[in-house]
Amino acid sequence: MSINIEKFEQIKSHCQKTNANLIAVTKTQSIASILELYHLGQKIMGENKAQELCKKYEELPKDIQWHFIGHLQSNKVEDIIDKVILIHSVDSLKLLQTIDREASKIGKTMNILLQVHIAQEEHKYGFSKEEILEFFSSKTYEQFPHVAIKGLMGMATQTEDMDEIRNEFKTLYQIKQTIETEHAFSLKEISMGMSGDYSIALEEGSTMIRVGSLLFK
Ligand SMILES: *Cc1c(COP(=O)(O)O)cnc(C)c1O
């Protein structure tokens with residue numbers, strides 16, 4: 001596969017207008033394709049599997065900023081913690097605890113986002129709205145000193161219904177606002193939007209879009 005340069009430029013300019021970051025999702029893409037993207041100036045990449053991330057990390061330039069975006073098993077945290085600058089998909093306290101422990105072992109403060117379940121599909125991962133508000137109201141984060149919570153992440157329902165998607169993104173944005181105003185905890189980032197819905201996400205306040213398939217052809 002190669003890069004869809006026209007789309008790439010279009011998405012980048014859309015991000016610039018709204019001050020958002022493009023996380024290029026490189027899962028299943030070859031080293032050659034990722035290098036092509038890198039040489040076009042894209043240095044922020046996202047992967048959703050620990051093993052694939054580790055392999056690509058070894059083979060690709062060291063100034064790539066790797067983001068972990070997929071469901072992460074606790075026993076894989078150790079493999080990626082020294083390689084990524086942000087984990088988007090922290091979806092349980094158990095995982096948070098493991099990240100805190102592994103970060104402490106290597107003397108790092110790990111940047112993370114908490115994943116919130118905003119979609120209608122049951123199988124998607126993430127904290128419920130109630131759980132996430134409780135997490136901040138009871139200051140649960142104080143138990144994890146080696147973790148820096150930078151924001152929230154969410155995935156919309158896979159549907160053609162753009163109003164439904166927009167409402168889900170609005171919900172995530174409102175949860176972030178509630179946490180900031182009622183619990184006085186600053187959350188800079190809101191990671192939402194993929195190939196099919198990134199424009200809506202940017203309109204609804206996303207600061208990080210995770211786009212894969214649209215960048216490649
Ligand atoms: C694959 C993936 C993306 C990108 O999906 P595209 O539809 O290819 O843009 C974004 N976020 C997560 C968590 C993913 O697994």
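**Pockets, a helix and a serine**

Modeller: Gladly, and please keep in mind that this is a predicted model. To begin with the second largest pocket, its lining is made up of Lys-12, Cys-15, Gln-16, Ala-20, Asn-21, Leu-22, Gly-41, Gln-42, Lys-43 and Ile-44.

Biologist: Which elements give two or more residues to that lining?

Modeller: Those are helix H1, residues 5-18, and strand E1, residues 21-25, and it is H1 that gives the most, with 3 residues.

Biologist: And what is the volume of that second largest pocket, and how does its lining divide by class?

Modeller: The volume is about 170 Å³, and the lining divides into 4 nonpolar, 4 polar and 2 charged residues.

Biologist: OK, what about the largest pocket, how much space lies in there?

Modeller: The largest pocket holds about 820 Å³ of space. It is lined by 34 residues, of which Lys-27, Asn-48, Ile-69, Met-155 and Met-194 are the closest to its centre. Helix H3 (50-59), helix H7 (162-182) and strand E8 (208-211) are the elements that give two or more residues to this lining.

Biologist: How many of the lining residues in the largest pocket are nonpolar, polar or charged?

Modeller: In that lining there are 12 nonpolar, 16 polar and 6 charged residues.

Biologist: Switching topic, which residues of helix H6 are buried?

Modeller: In H6, which covers residues 129-137, the buried residues are Ile-132, Phe-135 and Phe-136. Looking down the axis of H6, you would find these buried residues within an arc of 90°, so they line one face of the helix.

Biologist: Why would residues three or four places apart point the same way?

Modeller: Because an α-helix has 3.6 residues a turn, residues with that spacing point the same way.

Biologist: What do the buried residues of H6 pack against?

Modeller: Their packing partners are helix H5 (93-105), strand E5 (110-116), strand E6 (147-154) and H7. After H6 comes Lys-139, which has a positive phi, near 55°.

Biologist: Last one: where is Ser-195, and is it buried or exposed?

Modeller: Ser-195 sits in the loop between strand E7 (189-191) and helix H8 (198-203). Its relative accessibility is 17%, and because buried means under 20%, Ser-195 counts as buried.

Biologist: What does the side chain of Ser-195 make a polar contact with?

Modeller: It makes one with the side chain of Ser-213, at 3.3 Å, and a polar atom of the Ser-195 side chain also lies 3.1 Å from the backbone nitrogen of Leu-214. Leaving aside residues up to four places away in sequence, Ser-195 touches Arg-210, Val-211, Gly-212, Ser-213 and Leu-214.

Notes: Residues numbered from 1 in each chain as written. Predicted model: local features only at pLDDT ≥ 70, side-chain atom pairs only at ≥ 80, totals over all residues. Heavy atoms only, no water. 1 Å grid on protein atoms, 1.4 Å probe; cavity = no way out; pocket = protein on both sides within 12 Å on 5 of 7 lines; lining within 4 Å. Points joined across faces, edges and corners; volume = space filled by probe spheres on them. Helix = DSSP H or I, 4+ residues; strand = E, 2+ residues; numbered from the N terminus. Nonpolar A, V, L, I, M, F, W, Y, C, P; charged D, E, K, R; others polar. Buried < 20%, exposed > 50% of the residue type's maximum accessible area, 1.4 Å probe, protein only. Arc of directions from axis to C-beta. Contact = heavy atoms within 4.5 Å. Polar contact = N/O pair within 3.5 Å; in protein donor to acceptor, adjacent residues only side chain to side chain.
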